[in-house]
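User: Hi! I'd like to understand how the labels on this protein are decided. Could you walk me through them?

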Amino acid sequence: MADSMVASFWGPVTSTTELCEENYAHSSYIAEFYNTISNVPCVLLALIGLVNAFRQGFEKRFSVLHISNMILAIGSMIFHATLQHVLQQSDETPMVWEILLYMYVLYSPDWHYRSTMPTFLFLYGAAFAVVHFFARFQVVFKLHYIGLCLLCIPRMYKYYIQTKDVAAKRLAKLWVLTLTLGTLCWLVDRICCKKLSHWYVNPQGHAWWHVLMGLNSYYANTFLMFCRAQQRGWEPRITHLLGFLPYVKVQKPEKRE
């Protein structure tokens, strides 16, 4: 939205995307205050997932997945704090990289040619980053991202129907719920911005999108870790941190001498 009376530390807005939040309303250093701080829970959730992946001895792909969630959240914080086009790439490009990584985690267990998939996905992600930087996609970026997300859904559904554990199935349902609610918040913020800007309190739909998508990534990662542990015969079970945050705990079979 249009700048407030507070002076901008970062200079004029150059990004091709602005959300329904008054710029520099709370600080001259943070363009979109709520859209910036709403990424903090995403970083914390990814850090919790990363620690658990290390402690339980999961494959490196899951550690990289949690790290990519953190990178995306930090990149989003930087972009929303500055609204500079060069830093817009630190938000949008990692979104595509993250989805490519999810595709690898989802499809790699049944992929017979181990080197071809990561090589193709790496080259695809690198090519997209270069092209997107110069082309400054807007609508095309959104359609491209949605298309990549849709490619992940059939595999998630396959894991869901193969899993018999009730707690693990609940994680998949929470993944769908947070994705749906987050998308609704994003759409309302984009479509109804003119009306919302006249409300006494702005509901900050895009900030809620960040929080819900942070939860969405955490639930997806935890569910995928559970499914992978089942594939490896690790006897996984879902337990809860502080009584409410689910995570995977495994019991690996003892190695025979």
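**Labels and their cut-offs**

Analyst: Happy to! Gln89 is found in helix α4 (residues 85-107); helices (H or I, at least four residues) and strands (E, at least two) are DSSP runs, numbered from the N terminus. This is a predicted model, where local features need pLDDT of at least 70, side-chain atom pairs count only at pLDDT 80 or more, and totals for chains, interfaces and linings use all residues. Residues are numbered from 1 along each chain as its sequence is written, and side-chain values use heavy atoms, with hydrogens and water left out.

User: Why is Gln89 called buried?

Analyst: Buried means under 20% relative accessible area, exposed over 50%, and partly exposed in between (1.4 Å probe, protein chains only). Gln89 has a relative accessible area of 9%, so the residue counts as buried.

User: What makes the pairing of Gln89 with His85 a polar contact?

Analyst: A polar contact is a pair of N or O atoms within 3.5 Å; within protein, one must be able to donate a hydrogen and the other to accept it, and residues adjacent in sequence count only if both atoms are side-chain atoms. The side chains of Gln89 and His85 make such a contact at 3.4 Å.

User: How do you know that Cys20 and Cys193 form a disulfide?

Analyst: A disulfide is a pair of cysteine sulfur atoms within 2.5 Å. The sulfur atoms of Cys20 and Cys193 are 2.4 Å apart, and the two form a disulfide. The pair links distant parts of the chain: Cys20 sits in the segment before α1 (33-37) and Cys193 in helix α8 (residues 193-196), 173 residues apart. A search of the whole structure finds one disulfide.

User: Why is that disulfide of Cys20 and Cys193 called right-handed?

Analyst: The torsion about their S-S bond is about 95°, so the disulfide is right-handed.

User: What makes Glu32 buried, and what does the side chain reach?

Analyst: Glu32 has a relative accessible area of 0%, so this residue is buried. A polar atom of the Glu32 side chain lies 3.2 Å from the backbone nitrogen of Leu19.

User: Which residues does the UniProt annotation "binding site" cover?

Analyst: In the UniProt record, an unreviewed entry, that annotation covers Glu21, Asn23 and Glu32. UniProt positions are given in the numbering used here, feature names are shortened, and annotations may be inferred rather than shown by experiment.
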